[in-house]
Amino acid sequence: MKESLCRKEDIGAMMWGQGAGTVMSAGGGITVEVVSPGRDSGDELYRYFTGAEILVDGARSRGKAVILSDSQAWIGLPYELKQGVVLVVSCSEADVVCDYDGEPLPVVCIVPPQRLINGVKELLKGAPYNECGDHICGMEGVYLTNLYDRLLLERLERKYNDILQIHDQTQNNWNETFHIMLFRAMGTNYNKEPFDRLSRRAPHVTICREKGSLQSVEALLLGAAGLLEHAYPDDYVRGLQKEYDFLSRKYSITAMRPGLWKMTGVNPLNSPVIRIAQIASLLASNDFIFDSVRKCRNIDDIRTIFSVTASEYWDTHIVPGRLTGNVEARKIGDTMVDLLAINLVAPVMFAYGNLNREPELKDRAIDILGSIRPEKNMYIKAWAERGVEADSAYASQALLQLTNEYCRRGRCCHCPVGHRRLKPLMEPHDVPDAFM
């Protein structure tokens, strides 16, 4: 078993969570009854439960229950974590532990049964191969829905925290926050970071001042991206270069290094140049996009906003100044709009609703995900090969959360599916035998 992935205290935390009603000895003749194990804090480094309720020789106590690999680990806990602890649960010996006032705390010992340890080892072995897919396929509808709900909310909460950081960086400006998130989403995983940099060099407030001219917005974005410096000079490109030269001095913009952009392996129609031209068209043709996005109720509303076409010049160009052999409008396609709905609209809508206490917006974000086609990527394909088919982005986002946060990281002891599979190995009638 990999110690860093499922440690003694992780297994102990699973058992503690199942220990309601258990009566244990804490040494010195002290009896501890678990009224409620409390709520798992979710802290991966230090395992503890908040709101744990116990009876110590009949006296009720409520606070933190800390799960440790052994009693000596108490010494290394942060001061803040030690505050409010009512019980120490050791997964080895149960030595004396004292609080900061020198008063002894009750210490109980959990010994994980070998069948549970073996079960964890089997889960860890199968995690890279999605072996839990067989179990998920056998789950009844209500349990599967509950699983997806939990995983999707976890994913949206994680994205909420990411968006909140950007929101703080923009001095709580939602228009600027959405501006940055739009660029990151258009960059997908290939060019997310350079698109993020570009959004900050050409911020929302600057774009708003120039949005009366599509060519000015194009020049501002392509120039700031460093993608006009070595372009082939035709009349249109020379016009962009001239306009950017003026705007860069007006707004004190320094162009990015062209080498920051990943071009290899990217479909030419998804290249940074085309995506930036599409963003320019979107920003130049819409006032207050974020306000419009907040009003979206379904994928059709989202398509109305984002299904824009780059300026006519790009019908015959993919690289500035170089003609292509065909004529094709460079429109943001349905697949990309779906991705924007998944990775931009729903997360930002959820974050705004969460921060501003508008539950209707949070619910709408989830409903939108339920109406969109699932992503097609290697992870969703791997689950399908195990029989777990995602029928919407609601399901595929839940499966991505399961893959990225649990399976790939070997966090079987933290995983809701792992807990469900391991629960028969620690049934309530077996738990008292494991407590010493």
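**Close-up views of a predicted model**

**View 1. The end of helix 13, where Arg357 comes next with a positive phi, near 55 degrees.** Helix 13 covers residues 334-355, with helices taken as DSSP runs of H or I of at least four residues, strands as E runs of at least two, both numbered from the N terminus. From first C-alpha to last, its 22 residues reach 30 Å, close to the 32 Å expected at 1.5 Å a residue (that is, 1.5 Å times one less than the number of residues). There's a bend of about 40 degrees at Ala341, taken between axes fitted to the seven residues ending there and the seven starting there. Since 16 of the 22 residues are buried, helix 13 is largely enclosed by the rest of the structure (buried is under 20% relative accessible area, exposed over 50%, partly exposed in between, with a 1.4 Å probe and protein chains only).

**View 2. Helix 5 (residues 141-169) packing with helix 16 (residues 393-407).** The angle is about 70 degrees and the axes sit 8 Å apart, so the two helices are roughly perpendicular (65 to 115 degrees; axes are lines fitted to C-alpha atoms over the stretch in contact, and angles run from 0 to 180 degrees between N-to-C directions).

**View 3. Thr50 in strand 4 (residues 47-56).** At 34% relative accessibility, Thr50 counts as partly exposed. Leaving out residues up to four places away in sequence, Thr50 touches Gly38, Arg39 and Gly63 (heavy atoms within 4.5 Å).

**Notes.** This is a predicted model, where local features need pLDDT of at least 70, side-chain atom pairs count only at pLDDT 80 or more, and totals for chains, interfaces and linings use all residues. Residues are numbered from 1 along each chain as its sequence is written, and side-chain values use heavy atoms, leaving out hydrogens and water.

Methods: Angles under 35 degrees count as roughly parallel, over 145 as roughly antiparallel, 65 to 115 as roughly perpendicular and the rest as oblique.
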